[in-house]
Amino acid sequence: MEIVVCIKQVPDTTEVKLDPKTNTLIRDGVPSIINPDDKAALEAALELKEKVGGNVTVVCMGPPQADVALREALAMGCDNAVLLSDRNFGGSDTYATAHILAAGLRHIGYDIVFAGRQAIDGDTAQVGPQLAEQLKIPQVSYATGIQVEGNTVTVKRQIEDRYYLMQTQTPCLITVLSEFGKPRYMTVGGIVDAYQKEITVLGFEDLKDKLVPEHIGLKGSPTNVRQSFAKQAKGTGTVLNVSPDEAVKAIMEKLIEKHVI
């Protein structure tokens, strides 16, 4: 079984700051990490390999420095790593990113594709489902458990107050919640092996027969971020030490004053 995990290297958001003049992220000196939900996807893939066998390939789209994230995934137990990197891919939104990832996955082959629910830098939760649509395969999101028997995949899909057991057939895509399980640590032997393995780098020229040039990069992105800004603290509220009836009257007067009602 060919198992593929899509990961993203993201800035550690506990360290991210905004430039007060430009309202853009200050990335200089900010450490990069594997997106937390993607680590859960890695764990799901590695557990599946232990149960049914197969080969786990980790895929990341990003600049050359994303090599570090891929080697961490190799050190956790993945068999192969592929980096999709090209200047033509820069500025891609979620749609364009999914288009490029789909081209990469068609190039390497897959039976089950895992991805994290969402990335902590964008929080869109769009790339996984969009990738499934690009590949024209079934998808199950918000997974916290998975069982595979032959070509049948049973997924425990968690929602706010309950869960569903859903079945699909391979090939398919599954997005994983962090609740799936605690990701395993890298081993010393795994780290040594990771830096002895060769990472496959695929660029535009390698994938151009599977790409629509008008659908990649900044020009091929239907959406773009106009501005980023830090959340502003709220001002001090008004505390009323009055009876309930007087409080209701005061609140109603404020709502009318603000033209809410």
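Rings of Phe, Tyr and Trp count as a pair if their centres lie within 6.5 Å. By that rule, this structure holds zero aromatic pairs. The model is a predicted one. Side chains of opposite charge can pair when their charged atoms come close.

**Salt bridge across the chain: Glu43 and Arg184**

- Glu43 and Arg184 form a salt bridge, with their closest N and O atoms 2.9 Å apart.
- This pair links distant parts of the chain, because its partners are 141 residues apart.
- Glu43 sits in helix H1 (residues 36–52), while Arg184 sits in the loop between strand E12 (172–176) and helix H5 (188–194).
- Is Glu43 buried or exposed? Glu43 has a relative accessible area of 5%, so it counts as buried, the cut-off being under 20%.
- Arg184 has 25% relative accessibility, so this residue counts as partly exposed.
- The side chains of Glu43 and Arg184 are also joined by a polar contact of 2.9 Å.
- Which residues does Glu43 touch, leaving aside neighbours within four places in sequence? They are Phe180, Lys182, Pro183 and Arg184.

**Two other salt bridges**

- Asp67 pairs with Arg71 in a salt bridge, and their closest N and O atoms are 3.1 Å apart.
- Both Asp67 and Arg71 belong to helix H2 (residues 67–76). They are four residues apart, about one turn of the helix.
- Asp67 counts as partly exposed because its relative accessibility is 23%. Arg71 has 13%, so Arg71 counts as buried.
- Glu205 forms a salt bridge with Lys208, where the closest N and O atoms are 2.9 Å apart.
- Glu205 has a relative accessible area of 55%, so it is exposed. Lys208, at 45% relative accessibility, counts as partly exposed.
- Some salt bridges share partners: Glu43, Glu50 and Arg184 are joined into one network this way.

**Helix H1**

- H1 has 17 residues. At 1.5 Å a residue, the helix should span 24 Å. Its end C-alpha atoms are 25 Å apart, which agrees.
- Which residues of H1 are buried? They are Asp37, Asp38, Ala40, Ala41, Leu42, Glu43, Ala44, Ala45, Leu46 and Leu48.
- Just after H1 comes Gly53, with a positive phi of about 80 degrees.

**A charge over a ring**

- Lys156 lies over the face of Tyr163. The distance to the ring centre is 4.3 Å.

**Backbone details**

- Pro171 lies in the loop between strand E11 (163–169) and E12.
- Lys136 is not a glycine, yet it has a positive phi of about 60 degrees.
- Lys136 is in the loop between helix H4 (127–135) and strand E9 (139–149). With a relative accessible area of 73%, Lys136 is exposed.
- Tyr142 is not a glycine either, and its phi is positive at about 60 degrees.
- Tyr142 has its place in strand E9. A relative accessible area of 32% makes Tyr142 partly exposed.

Notes: Residues numbered from 1 in each chain as written. Predicted model: local features only at pLDDT ≥ 70, side-chain atom pairs only at ≥ 80, totals over all residues. Heavy atoms only, no water. Phe/Tyr/Trp six-rings, centres within 6.5 Å; stacked < 30°, edge-to-face > 60°. Lys NZ or Arg CZ within 6 Å of the ring centre and 35° of its normal. Salt bridge = Lys/Arg side-chain N within 4 Å of Asp/Glu carboxyl O. Helix = DSSP H or I, 4+ residues; strand = E, 2+ residues; numbered from the N terminus. Buried < 20%, exposed > 50% of the residue type's maximum accessible area, 1.4 Å probe, protein only. Polar contact = N/O pair within 3.5 Å; in protein donor to acceptor, adjacent residues only side chain to side chain. Contact = heavy atoms within 4.5 Å. Expected span 1.5 Å × (residues − 1).
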